[in-house]
Amino acid sequence: MKNPIILIALNVLTAYTDIFMARNTKPLAILLIGLIPFVAVNAANQDLIHVRLKDRLDRPDDGYCFDILGTGETLRVDLPLFVHNCKPFATPDSAIIFTTKHQLVFPAADVCVTAFGVNNTVLPGTSVLLRPCDERSAFYQAADLQKFDHEANGQLKLHGFDLCLAVGDESSSTYSPHDRWRVLSLETCSSAIPSHSVWEMVPL
């Protein structure tokens with residue numbers, strides 16, 4: 001699943017992006033611009049996407065995308081998945097592959113979007129985890145909770161359940177005052193507000 005060239009490029013790009021955002025220096029901006037085409041070409045070959053909320057909510061310029069907390073080598077896959085205002089290019093914490101098995105894979109971390117459940121039951125309001133794809137371990141058969149159907153109405157529905165991925169009503173700043181995040185959870189599809197639960201797959 002992992003492509004070393006893509007991962008190296010994305011890690012370097014993310015690291016310099018963080019520095020550029022903090023210092024706003026011209027040399028770093030030039031380096032960043034030079035790396036973007038390299039990443040974009042390789043990403044296209046891997047069918048990388050951003051999973052973006054169709055309604056931009058309080059982020060009219062960029063919207064909200066699936067995101068892993070952290071960056072580069074410090075991705076916190078042990079913490080729940082959330083949404084963050086979208087980046088303008090592929091990064092290790094946001095680039096996803098939607099596979100033919102209907103799994104949402106973060107290739108940089110080699111993990112799948114996974115519903116939390118007990119004994120193959122999932123309840124409304126449950127958290128969304130990041131677990132090894134097709135994992136089967138004691139007390140947790142993650143493989144059964146990693147398949148999502150992108151419905152005609154745009155909702156992402158957990159296969160076999162009446163539960164859809166939805167963002168929370170509130171947003172807050174991240175480690176940068178310019179960025180925002182929201183909770184991501186699974187809610188009953190029919191009661192999920194469309195503006196908070198309709199998604200689009202954006203090619204990178």
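The model is a predicted one, and its disulfide count comes to three. If the bonded cysteines are numbered in sequence order, the pairing reads 1-2, 3-4, 5-6.

Let's start with C65 and C86. Their sulfur atoms sit 2.0 Å apart, and the two residues form a disulfide. The torsion about the S-S bond is about 100°, so this disulfide of C65 and C86 is right-handed. As for where the partners sit, C65 belongs to strand β2 (residues 64–67), while C86 is found in the loop between β3 (82–85) and β4 (97–98), so the bond ties together parts that are 21 residues apart in sequence. What about exposure? Buried means under 20% relative accessible area. C65 has a relative accessible area of 2%, so this cysteine is buried. C86 comes out at 10% relative accessibility, so C86 counts as buried too.

Next up is the link between C112 and C133, a disulfide with an S to S distance of 2.1 Å. There is a torsion of 100° about the S-S bond here, and the link of C112 and C133 is right-handed. It connects distant parts of the chain: C112 lies in strand β6 (residues 111–115), and C133 lies in the loop between β7 (126–131) and β8 (148–150), 21 residues apart. C112 has 0% relative accessibility, so C112 counts as buried, whereas C133 has a relative accessible area of 25% and is partly exposed.

The angle about the S-S bond is 95°, and the link of C164 and C189 is right-handed. Once again, distant parts of the chain are linked: C164 sits in strand β10 (residues 163–167), and C189 sits in the loop between β12 (180–188) and α3 (194–197), 25 residues apart.

Methods:
Residues are numbered from 1 along each chain as its sequence is written. This is a predicted model: local features need pLDDT of at least 70, side-chain atom pairs count only at pLDDT 80 or more; totals for chains, interfaces and linings use all residues. Side-chain values use heavy atoms; hydrogens and water are left out. A disulfide is a pair of cysteine sulfur atoms within 2.5 Å. Helices (H or I, at least four residues) and strands (E, at least two) are DSSP runs, numbered from the N terminus. Buried means under 20% relative accessible area, exposed over 50%, partly exposed in between (1.4 Å probe, protein chains only).
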